[in-house]
Amino acid sequence: MLKNYFKIAARSLFRNKAFTAINIFGLAAGIATCLVIVLFIQDELSYDKYNEKADQIVRITFHGKMKGQNINESTVMPPVAQASKAEFPEVKEATRIRRVGSPIMSYGEKSFKEDGFAYVDSNFFQVFTLPLIEGDAKTALLEPNNIIITTDIAKKYFGDSDPLGKTLAVKSSNSLFKVAGVIKPVPANSHFKFDFFASMSGFEGSRSTSWMESEFYTYFVLPVGYNYKNLEAKLPQLVDKYMSDQLQQAFGMSLQQFRNTGNDVGFSLQRLTDIHLHSNFAFDLKPAGDIRYLYLFGAIAIFMLLIACINFMNLSTAGASKRAKEVGIRKVMGSLKPQLIRQFLVESILISSLSLLVAIVLVYAFLPYFNEISGKQLGFQFSQTLWLIPALIGIGLVTGILAGSYPAFYLSSFKPVAVLKGRFSNSRQNSFFRNGLVVFQFFISISLIVGTTIVYKQLEYIQTKKLGYDKSQVMVLPEMWLLGDRQEVFKQKLLQDSRVLSVSTSGYVPAGDSYNNNFFVSPGGESSEMIKTLRYDVDYDYISTLGMELVAGRNFSRTFGTDSSAVILNETAAKTFGWESNAIGKVLTNRDNDGTVKMLNVVGVIKDFHFKSLHEKISPLVMVLGQGASTMIIKTKTGDVSGLISYMDKEWKSLKAEAPMAYSFLDDRFNNTYMAEQKTAKLLGVFALLTILVACLGLFGLSTFTAEQRVKEIGIRKVLGATESGIVALLTKDFLKLVAISFVIAVPFAWWMMSKWLQDFAYRIDISIWVFVMAAGVAILITLITVSFKAIKAAVANPVRSLRAE
């Protein structure tokens, strides 16, 4: 019997080629989209789960509130690891990471700039599951100048020779590191990505006892099954015991005084497996994901599959008139309703199985494009992802049964007497169900159109918003230390070129990732004010090079010998200290790098500028006069950018720099800050287009069904004098009503959804009414184009054919 079902199903599908092709393509598009999103979500959820102790590892983070400014940082102070292990017996292991810049590593004649360099504690590889291919994880990092590298780095520097015992040099510090171990590359689904793991004991700052600076990523291993919230409740003990005394010594302010002014600091814990998707911390090791996008894309996957199934239902019922006599004859010949239901379900499962095969081909074809947009490296390998095989079988069966259930029951319910006379009923209940399916499709489509448009408008707003500095025609050279003591020579050569307006050196560039958090205090005994804020070490030309505006006081000047102890505040910092109108001449204290407390005089206030992304409100910033900066900022005035770059490269080489000149443009660095939003906008655009395309198939199905149901009515109207345009309008107005209902439902949902998304930006657009009007216009246009094909065909048909049997 089952073989007969399949044989009949194959004949039916082959006989109705257009119906079959549209159904297979629609279902394939929905299944392919669903599969790609499932791969994406599975990859996002897998972060850090490769670690054997993933369920036991937590990260300690720093949080606080100072003068109304919230602080959330992923780094903590150097002694936190040791103190926590000593104070809390539940901390079985504590290990740290100290990220550094981009050193030039060399071996013999080979020399490369490397971005993945970090210092780690000697027990790091006993906490994280990164097995050593060569070397001993327990002893490799006990010596101060030992280093563990990945296999890629070993191949890069040493070729096929054994790397153990060989020495790598860091040019910037003249440090030497002996290779003591080799590991495979860190998995892509890790919240950190390093290629060099140097011994922490060789980093001088690792032994610091200061609780006033936070630069270390610190992790604890807790007992199996232990609730980390219990340890988190004890963390205030660290603040009371260790930070209180240092606060008093450094700034003459007790912890109680600090808290009495509404301020507070503390620590919290975060599970390792939550870091990627649930982080909202400054200074994370890698750009974090967002669990909300997973919910959004997961919903899109479900909706796309539902829409594809809805299309199948509508197209199946639309073709009911072609199957009606078949059903009637089968019933007359003795077929029972359950047998007919099984027959139609077999046809549905056959279509879904064919669609699944096409979907797999589509996934293979378009996954590289998706990877390019999303920045992922997703693969579709059955051998590596065993869950795919049962998942695909399940998707095929569920889709077939879900899509075929309604048509199966609908078609098998025809009464043989009626259908053999050429008449079969179309109940109000069936019409309501089909119309509801179309409303649902366009509800999703309109919501996605609105969402995509708002994302793009927010990105456009980011691009055009006044930032408080001029990012156009600004070049950034990040590795000036490669010139050694010849930096000033290079700067003067640039200033002699007429294409260069000004040059500044600083380690801090807007839209960059270099930040230096410091505590600043305005002395005043019991009324002392303290904030933890960013400190920018800049030179005399920094403000003018970036086109920033002073609102009070003056810039740093070479004519003032006392400017080594001067500071310039941004407006937010002045307001935070309560100096909105009288900041000039005020005094701050700051603990210097050598631990000494330094008195600083405020000489200027600069207009607020966005030195971070627009996700965050502008926070207090203090500028001090600094030297030995590693980055050069060049303001140009030329359209001959390539010529200027060639000149700069020539001068760079003439000074015998240790590595080739690297450069970027400030506006590109700014755009890269919003890479996640740009990727989301592109993905939403693709999914919106696919949803609209598949929804059009549903409309086509329903318009076909409607035209067939009303063929005699149309014939009578034409005989009575109805025009073709009037008939087209008659057939399309019902669909426009459905679109209007979809629009009414979609507007509040889309507004709520996108309002929640925009809340993540401190500076954002207002959602205007034209976005919804545009979405409605697009939906109406799509409806008219899709429906008009069948409507016009029905309107120009000869009425004699439809009325011949009457």
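**Salt bridges, strands and cores: a working chat**

Q: What is the relative accessible area of D649?
A: D649 has a relative accessible area of 22%, so it counts as partly exposed. Buried means under 20% relative accessible area, exposed means over 50%, and partly exposed lies in between (1.4 Å probe, protein chains only). Please note that this is a predicted model, in which local features need pLDDT of at least 70, side-chain atom pairs count only at pLDDT 80 or more, and totals for chains, interfaces and linings use all residues. Residues are numbered from 1 along each chain as its sequence is written, and side-chain values use heavy atoms, with hydrogens and water left out.

Q: Which side chain meets D649 in a salt bridge?
A: That of K653, with a distance of 3.2 Å from N to O. A salt bridge is a side-chain nitrogen of Lys or Arg within 4 Å of a carboxyl oxygen of Asp or Glu. Both residues lie in helix α18 (residues 641–654), 4 residues apart, which is about one turn of the helix. K653 counts as exposed because its relative accessibility is 59%.

Q: Which residues are joined into one network?
A: K491, D539, D541 and R558 are joined by salt bridges that share partners.

Q: How many salt bridges are there by this rule?
A: The count is 24. One of them joins D284 and R59, whose closest N and O atoms are 2.9 Å apart. D284 lies in the loop between β13 (264–271) and α9 (291–318), while R59 lies in strand β1 (residues 57–66), so the pair ties together parts that are 225 residues apart in sequence.

Q: And are those two, D284 and R59, buried or exposed?
A: D284 is buried because its relative accessibility is 16%. R59 is buried as well, with a relative accessible area of 0%.

Q: What about R98, which residue forms a salt bridge with it?
A: The partner of R98 is E215, with the closest N and O atoms 3.4 Å apart. R98 belongs to strand β3 (residues 93–99) and E215 to the loop between β11 (196–199) and β12 (217–221), so this pair ties together parts that are 117 residues apart in sequence. R98 is buried at 16% relative accessible area, whereas E215 is partly exposed at 33%.

Q: New topic: how many helices and strands does the chain have?
A: The secondary structure comes to 24 helices and 24 strands. Helices (H or I, at least four residues) and strands (E, at least two) are DSSP runs, numbered from the N terminus.

Q: In what order do the 4 strands of the open sheet come?
A: The order is β15-β23-β14-β24, with antiparallel pairing. The edge strands are β15 and β24 (664–665), each of which pairs on one side only. Two strands pair if DSSP finds at least two bridges between them.

Q: How many bridges join β15 to β23?
A: There are 5 bridges between β15 and the antiparallel strand β23 (residues 632–636), and V500 stands opposite T636 in β23. Strand β15 (residues 500–505) is mostly covered, with 5 of its 6 residues buried. Strand β14 (residues 474–477) pairs with β24 in the antiparallel sense over 2 bridges, and M475 has F665 in β24 as its bridge partner.

Q: Which way do the residues of β22 point?
A: L621, M623 and L625 point one way and V622 and V624 the other, and all are buried. Strand β22 (residues 621–625) is joined by 3 bridges to strand β19 (residues 566–570), and the two run antiparallel. Opposite M623 in β22 stands I568.

Q: Which residues touch the most other members of the largest nonpolar core?
A: They are F297, Y469, Y536, M548 and M623, in a core of 110 residues. Another core lies apart from it and has 33 residues, among them F62, F88, V239 and L255. A nonpolar core is a set of buried Ala, Val, Leu, Ile, Met, Phe, Trp, Tyr and Cys residues joined through side-chain atoms within 4.5 Å.

Q: Last one: what percentage of the residues in the chain is buried?
A: Buried residues make up 53% of the 806 residues.
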